[in-house]
Amino acid sequence: MGTAWNDYRSAGLRFRFPAVAVISLLCGGLALATASECHSIAHLPSLVYGIVLWGWWGCVAGVLWMLGSRKPFILNFSPASVALHVFFGSLAGAIHLLLLGSTGFIAGDWRASAAPMAIWTSLLNINRFGMEILTYGFIFGIVGIVQFQIRAQCEAIKSLELQQQLSSTR
């Protein structure tokens, strides 16, 4: 098991950088698409909103990926792990909503028409918070499934190598 774990860790290190690059590219594309839907990618408030909206979840996915590579028990679907992730998902969602609300300070028309507290808390509602938790859960599930598949493939390869060694010694 020790050698299989070391093989997984080295495989995880090999896959970590391409995975983080894929996550970054996906979030960058989604940020640009969001900015173009809001107003334009040349409109600074729309671009900042898109980057904050998708960049946050890209960072969360990258952190989960790197933690899952180093400590696979973090991505288990045990009741304790799920409870821990509900807590961290709620915390990440609340912080994300506050960050999204703070993007309203960039737009001049928002600053002129609303009080600062109203701008900052404009996105804090139960529906948005629920979507934040669901987004965290989706990211947690996808990262956990991909990490599980990588571990399973590494263990299968190690098992085949051991079977070949055993048959060659006979």
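**View 1. The whole chain and its surface.** The chain exposes about 10,400 Å², and carbon and sulfur atoms supply 73% of that area (areas come from the Shrake-Rupley method with a 1.4 Å probe; for residues, only the protein chains shown count as cover). This is a predicted model, where local features need pLDDT of at least 70, side-chain atom pairs count only at pLDDT 80 or more, and totals for chains, interfaces and linings use all residues. Residues are numbered from 1 along each chain as its sequence is written, and side-chain values use heavy atoms, leaving out hydrogens and water. You'll find 6 helices and 0 strands here (DSSP runs numbered from the N terminus: helices are H or I, at least four residues; strands are E, at least two).

**View 2. Helix 3 against helix 6.** The axes of helix 3 (residues 79-102) and helix 6 come within 8 Å and cross at roughly 125° (axes are lines fitted to C-alpha atoms, for helices over the stretch in contact, and angles run from 0 to 180 degrees between N-to-C directions). Among the residues that meet are His85, Phe88 and Leu97 in helix 3, with Phe129, Ile133 and Tyr136 in helix 6 (contact means heavy atoms within 4.5 Å).

**View 3. Around Gly141.** Look along helix 6 (residues 126-169) and you'll come to Gly141. Is Gly141 buried or exposed? Gly141 is buried, with a relative accessible area of 15% (buried means under 20%, exposed over 50%, partly exposed in between, with a 1.4 Å probe and protein chains only). Asn76 sits 65 residues away along the chain, yet the C-alpha atoms of Gly141 and Asn76 are separated by 9.6 Å. Across the 170 residues of the chain, 32% count as buried.
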